[in-house]
Amino acid sequence: MQYYHIKKKFKTAWQKKILRWYSKNKRNLPWRQKKNQHFYNIWISEIMLQQTTVKTVIPYYNKFIEKWPNLETFFEASLDEILIIWQGMGYYQRAKNLYLAKEILKEKKIKLNLIDLKKLPGIGDYVSSAICAILFDQNCTVIDSNIKKIVTRAFNLDKNKPNLEKNIKNIATELTPLRNNGSYCQALMDLANLVCTNKKPNCLACPVKNECKYEGNTELKTEKKLVKKKIGITYYIKFKDSVLLQRSGDRMLENLYCFPMTSFIDNNNELDEKKLLKQIGNNWQKINSITYKHVFSKFIKHTFSHFHLKLFIIEIKLNSKKEFANYEWVLTEDIVNKPSSVLMKKIQGEVFC
């Protein structure tokens, strides 16, 4: 690993220029308002901002804080209530972690420091460092994808070389100021989103352009990966005014309600589609003791972060109510009160039309 010893003159100039730029250009975000400078607000915003853009997060954050204005009111939230607020934002494990963490906080106080914060579900190095920097101005190094991008470009690091992550951490630690670190780390995040953008960075507007060594050649060149294609079946099983639902155990849709689904199978060769559908359909129906002729007349398409899904819908109307292990009957009118995903909404749009 290359060790970067950055001269004091460089560090002083870097920090001052970035903080000066931030004072004039910082984004007006709800969690940055003075009234929201509390652990609860910063915690909620940082969890929401994981793998989600600021633009998407703002309405969810506002809705969340409106329903639970502080930690004491949040203590009373159920998992389903949290998931309903979270609907559409994805990565639902984050919502479950918030629930688990607040249950721990309800029982005992956690010291707000780098070590103890990481004892809470969903809080790792980045979130604990960000909270401590923003709230207490501690000299802890905050590193997320935005800061990695700035450091990589500014020091012209080669993404193809080993120890890249260690070099980034080394540099970021050297540049972290002893004071005003809360503003500094947020300034880097704004700089990455407003100036040092992923595509076509506006280098002329950059406050540290004289310190930056970016030559436009640090990007890792890789062949574009083909996105996987998968297929599956969902069953719309109805008896009178009730439909059968399951609570998903899959990490992508964890704890959300959906119609019963088979597993999703790779289908990069679409010629095998009918054969695969029959196979997974027979398997699911055998496990659940259902005899029904497959009629694949309807399907919806949905894109997850790492694969495209083609989901076929089989509608079954039962003449008598049957109990199923791991599933529950819900009145059709009550589905709206159950936390569900965008995928589920698409299926509903098809079967309820």
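This is a predicted model: local features need pLDDT of at least 70, side-chain atom pairs count only at pLDDT 80 or more; totals for chains, interfaces and linings use all residues.
At what angle do helix α2 and helix α3 pack, and how far apart are their axes?

**Figure 1. Helix α2 packs against helix α3.** Two packed helices are described by the angle between their axes and the distance between the axes. Here, α2 (residues 39-48) and α3 (residues 54-67) meet at an angle of about 145°, and their axes are 10 Å apart. The crossing of the pair is right-handed. On the α2 side, look for Tyr40, Asn41, Ile44, Ser45 and Met48. Their counterparts in α3 are Val57, Tyr60, Tyr61, Phe64 and Ile65. Sorted by class, this contact holds 8 nonpolar and 2 polar residues, with no charged ones.

**Figure 2. Strand β6 pairs with β1 and with β5.** Strand β6 covers residues 307-317 and is mostly covered, with 8 of its 11 residues buried. Its pairing with β1 (residues 228-239) is parallel and spans 11 bridges. With β5 (residues 298-303), β6 runs antiparallel, and 6 bridges join the two. A hairpin of 3 residues leads from β5 to β6. Lys310 of β6 is a handy landmark: it is the bridge partner of Ile231, and it is also the bridge partner of Lys301. As a viewing hint, in a regular strand the side chains alternate between the two faces of the sheet.

**Figure 3. Gln186 is a buried residue in helix α11.** Helix α11 takes in residues 181-194, Gln186 among them. Why does Gln186 count as buried? Its relative accessibility is 11%, which is under the 20% cut-off for a buried residue. A polar atom of the Gln186 side chain lies 3.0 Å from the backbone oxygen of Gly182. Leaving aside residues up to four places away in sequence, Gln186 touches Tyr22, Arg32 and Ile134.

**Figure 4. Asn163 and Lys200 have positive phi values.** Most residues other than glycine have a negative phi, and most peptide bonds are trans. Asn163 is not a glycine, yet its phi is positive, at about 65°. You will find Asn163 in the loop between α9 (145-154) and α10 (164-175). Asn163 counts as partly exposed because its relative accessibility is 34%. Lys200 also has a positive phi, near 50°. The loop that holds Lys200 lies between α11 and β1. At 80% relative accessibility, Lys200 counts as exposed.

Figure 5. Lys34 belongs to the loop between α1 (8-25) and α2. From the C-alpha of Lys34 to that of Phe352 the distance is 46 Å, and the two residues are 318 apart in sequence.

Figure 6. Along the principal axes, the C-alpha atoms fill a box of roughly 80 × 50 × 35 Å. Of the contacts with a separation of 6 or more, 70% are between residues 24 or more positions apart.

Terms used
Residues are numbered from 1 along each chain as its sequence is written. Side-chain values use heavy atoms; hydrogens and water are left out. Helices (H or I, at least four residues) and strands (E, at least two) are DSSP runs, numbered from the N terminus. Buried means under 20% relative accessible area, exposed over 50%, partly exposed in between (1.4 Å probe, protein chains only). A polar contact is a pair of N or O atoms within 3.5 Å; within protein, one must be able to donate a hydrogen and the other to accept it, and residues adjacent in sequence count only if both atoms are side-chain atoms. Contact means heavy atoms within 4.5 Å. Axes are lines fitted to C-alpha atoms, for helices over the stretch in contact, and angles run from 0 to 180 degrees between N-to-C directions. A crossing is left-handed if the near helix is turned anticlockwise from the far one by less than a right angle, and right-handed if clockwise. Ala, Val, Leu, Ile, Met, Phe, Trp, Tyr, Cys and Pro count as nonpolar, Asp, Glu, Lys and Arg as charged, and the others, Gly among them, as polar. Two strands pair if DSSP finds at least two bridges between them.
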